[in-house]
Amino acid sequence: AVIFPGYFGNSDINPENMKSHIENHVKTIHRLLVEQIKSGVCFDNTSIDFNCKDLNKRAADTADQFILTLPKLRKALHDDAVAAYNGDPASKSVGEVIFSYPGIRAISSYRFAHALLQLDVPIIPRVITELAHSETGIDINPGAKIGNSFMIDHGTGVVIGETAVIGNNVRIYQGVTLGAKSFPLDEEGNPIKGIDRHPKIGDDVIIYSNSTILGPIKIGEKTVIG
């Protein structure tokens, strides 16, 4: 309702009430996000007192920082919606994309989750993207790095791994996997986590349906994979 006013929440939005509409929703976001961040931090570290002043301040400060990113997120998601409209000949308007395209739903959740992950919020980013995954069939790890004007068309079965990097103006279709191969084990035979293991996609790349790209390989700009 803040990123796309009138499309979600109250549809009776006009220039006269826009400011108060956004202000009220931002206050709600802050209140809810503080509680969720506190819950996430406590889940990650059960020795923390949920009611302690330090935790309250950390959660409030993090929520403040997230809200400051909303204008940047709005610009990025607007560009994503325009990219979907320009890239799909069946699309009749940008509004149709915002209202109904699962790609925008999943990308929106990813961008919110990625912003929270960059602020060191535990648990919540993954919950956000997995909720979008269950709704759309599009699985984007919040740790992935995705550039501007990103388009996912149709989307069902798309998987984008944690250390994937995607450049600007990239378009991908249903069934595409940017995944990892088997990764190395430590001396005790356990998988080594946190290593780079997913593809790096250059600018202006198109990856058509059911393409599978595995491992930390580089795909050069303007490549078309069919």
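In this predicted model, helix H3 (70–87) passes helix H5 (102–118) in a right-handed crossing; a crossing is called right-handed if the near helix is turned clockwise from the far one by less than a right angle, and left-handed if anticlockwise. Helices here are DSSP runs of H or I with at least four residues, strands are runs of E with at least two, and both are numbered from the N terminus. H3 and H5 pack at an angle of about 155 degrees, and their axes are 10 Å apart. Axes are lines fitted to C-alpha atoms, for helices over the stretch in contact, and angles run from 0 to 180 degrees between N-to-C directions. The two helices are therefore roughly antiparallel to each other, a label for angles over 145 degrees, with under 35 counting as roughly parallel, 65 to 115 as roughly perpendicular and the rest as oblique.

On the H3 side, the contact (heavy atoms within 4.5 Å) is made by Leu 73, Ala 76, Leu 77, Asp 80 and Ala 81, and on the H5 side by Ile 104, Ile 107, Ser 108, Arg 111, Phe 112 and Ala 115. These residues divide into eight nonpolar, one polar and two charged. Ala, Val, Leu, Ile, Met, Phe, Trp, Tyr, Cys and Pro count as nonpolar, Asp, Glu, Lys and Arg as charged, and the others, Gly among them, as polar.

H3 also meets helix H2 (53–68): their axes come within 5 Å and cross at roughly 40 degrees, so H2 and H3 are oblique to each other. Phe 66, Ile 67 and Leu 68 of H2 touch Leu 70, Pro 71 and Leu 73 of H3. This contact has six nonpolar residues, with no polar and no charged ones.

H2 has a further partner in helix H1 (18–44). The axes of H1 and H2 come within 8 Å and cross at roughly 130 degrees, which makes H1 oblique to H2. Their crossing is right-handed. Among the residues that meet are Val 26, Ile 29 and His 30 in H1 and Leu 55, Asn 56 and Arg 58 in H2. By class, the contact has 13 nonpolar, three polar and three charged residues.

Now to the pockets. Rolling a probe the size of a water molecule over the atoms shows where empty space is left. On a 1 Å grid over the protein atoms alone, a pocket is an open set of points with protein on both sides within 12 Å along at least five of seven lines, whereas a cavity is a set where a 1.4 Å probe fits but cannot get out; lining residues have an atom within 4 Å of a point. Grid points are joined across faces, edges and corners, and a volume is the space filled by probe spheres set on the points.

The largest pocket has a volume of about 900 Å³. It is lined by 28 residues, of which Ala 1, Arg 105, Ser 109, Phe 112 and Ile 128 are closest to its centre. H5 gives the most to this lining, with seven residues. The lining comprises 21 nonpolar, six polar and one charged residues.

The second largest pocket holds about 350 Å³ of space. Lys 72, Leu 73, Arg 111, His 114 and Gln 118 lie nearest its centre among 16 lining residues. Here too the largest share, five residues, comes from H5. The lining has six nonpolar, seven polar and three charged residues.

Residues are numbered from 1 along each chain as its sequence is written, and side-chain values use heavy atoms, with hydrogens and water left out. As the model is predicted, local features need pLDDT of at least 70 and side-chain atom pairs count only at pLDDT 80 or more, while totals for chains, interfaces and linings use all residues.
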